[in-house]
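Come along and check each entry against the picture.

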Amino acid sequence: MKQPYMNLNHYGMGPKSTNAIATAQQLEVMRLLVGWMLLAGWMYGLNADLIAHLHPPISAISTIPCVFPFTYGDIIYYNCVSVHSDFDWCSLDSHFKGRWRYCTARDPPPCIFPFTFRKTTFDNCTKEGYILNRSWCSLTSNYNKDRRWKQCSPQK
């Protein structure tokens with residue numbers, strides 16, 4: 001069904017009024033943004049701990065080694081995770097008991113060599129079986145059984 005034609009000028013909403021409404025809306029949005037920015041600045045200056053989760057401080061990264069694999073909830077993890085966090089973390093216990101820390105670039109679990117894939121034993125990263133033609137390795141000695149793996153660095 002066709003919409004009836006409405007003469008916006010009749011209602012005082014012609015081109016000049018429409019532009020005035022748009023300008024008023026833009027000013028309101030800008031006012032709200034400035035307000036939020038001022039509030040964020042005030043909060044940051046008042047207590048940096050309120051937003052510390054945005055960038056974990058280096059001092060918050062412990063040197064206690066991560067434990068892989070670890071169980072969190074009912075899931076076994078073989079790598080650092082970002083579950084319930086903005087940053088990757090790992091457990092310090094094989095069954096998560098509340099002890100954890102942020103991960104660093106050194107934390108991903110190491111490749112396990114040698115490992116078995118299909119009927120072959122590998123002593124290095126391999127591209128065999130990876131559809132994207134990238135190198136990978138197993139995180140356990142028997143990939144066929146455990147199916148845990150990670151990509152290797154591009155240099156390997």
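This is a predicted model: local features need pLDDT of at least 70, side-chain atom pairs count only at pLDDT 80 or more; totals for chains, interfaces and linings use all residues.

**Entry 1: a word to settle before looking.** I call a residue buried when its relative accessible area is under 20%, and exposed when that value is over 50%; whatever falls in between is partly exposed.

**Entry 2: the overall layout.** I counted the elements first, and the protein has two helices and eight strands. Going along the sequence, I read the pattern α-β-β-β-β-β-β-β-α-β. Of the 156 residues, 21% count as buried. I looked up the accessible surface too: about 12200 Å², with 60% of it belonging to carbon and sulfur atoms. Then I checked how far contacts reach along the chain. Among contacts with a separation of 6 or more, 37% are between residues 24 or more positions apart.

**Entry 3: the disulfides.** How many disulfides does the count come to? I found four disulfides. As a reminder to myself, a disulfide is a covalent bond between the sulfur atoms of two cysteines. Numbering the bonded cysteines in sequence order, I wrote the pairing down as 1-3, 2-4, 5-7, 6-8.

**Entry 4: Cys66 and Cys90.** The sulfur atoms of Cys66 and Cys90 are 1.9 Å apart, and the two form a disulfide. The link of Cys66 and Cys90 is left-handed, with -65° about the S-S bond. Cys66 sits in the loop between α1 (15-46) and β1 (70-72), while Cys90 belongs to strand β3 (residues 89-91), so this pair ties together parts that are 24 residues apart in sequence. Are these two buried or exposed? Cys66 has a relative accessible area of 14%, so I mark Cys66 as buried. Cys90 is at 0% relative accessibility and therefore also counts as buried.

**Entry 5: Cys111 and Cys137.** Here too I found a disulfide, with the sulfur atoms of Cys111 and Cys137 1.9 Å apart. The torsion about their S-S bond is about -70°, so I note this disulfide as left-handed. The pair links distant parts of the chain: Cys111 is in the loop between β4 (100-102) and β5 (115-117), Cys137 is in strand β7, and they are 26 residues apart.

**Entry 6: Cys125 and Cys152.** The sulfur atoms of Cys125 and Cys152 are 2.0 Å apart in this disulfide. With -90° about the S-S bond, the link of Cys125 and Cys152 is left-handed. This pair also links distant parts of the chain, 27 residues apart: Cys125 lies in the loop between β6 (120-122) and β7, and Cys152 in the segment after β8 (149-151). Leaving aside neighbours within four places in sequence, I list Cys111, Cys125, Ser135, Trp136 and Cys137 as the contacts of Cys152.

**Entry 7: the nonpolar cores.** Which residues make up the largest nonpolar core? I wrote down nine: Cys111, Phe115, Phe117, Phe122, Tyr130, Trp136, Cys137, Tyr143 and Cys152. Strands β5 and β7 each supply at least two residues of this core. I also found a second, separate core of eight residues, with Phe70, Tyr77, Trp89 and Cys90 among them.

**Entry 8: Ser138.** Next I turned to Ser138, which lies in strand β7 (residues 136-138). Its relative accessible area is 0%, so Ser138 is buried. What does the side chain of Ser138 reach? I found the backbone oxygen of Arg148, at 3.4 Å. Apart from neighbours within four places in sequence, Ser138 is in contact with Cys111, Ile112, Phe115, Tyr143, Arg148 and Trp149.

**Entry 9: Pro108.** My last stop was Pro108, in the loop between β4 and β5. Pro108 is at 34% relative accessibility, so I mark this residue as partly exposed. Setting aside neighbours within four places in sequence, I list Asn79 and Lys150 as contacts of Pro108. I also looked up the separation of the C-alpha atoms of Pro108 and Cys66: 8.8 Å, for two residues that are 42 residues apart along the chain.

Conventions
Residues are numbered from 1 along each chain as its sequence is written. Side-chain values use heavy atoms; hydrogens and water are left out. Helices (H or I, at least four residues) and strands (E, at least two) are DSSP runs, numbered from the N terminus. Buried means under 20% relative accessible area, exposed over 50%, partly exposed in between (1.4 Å probe, protein chains only). A polar contact is a pair of N or O atoms within 3.5 Å; within protein, one must be able to donate a hydrogen and the other to accept it, and residues adjacent in sequence count only if both atoms are side-chain atoms. Contact means heavy atoms within 4.5 Å. A disulfide is a pair of cysteine sulfur atoms within 2.5 Å. A nonpolar core is a set of buried Ala, Val, Leu, Ile, Met, Phe, Trp, Tyr and Cys residues joined through side-chain atoms within 4.5 Å. Accessible areas come from the Shrake-Rupley method with a 1.4 Å probe; for residues, only the protein chains shown count as cover.
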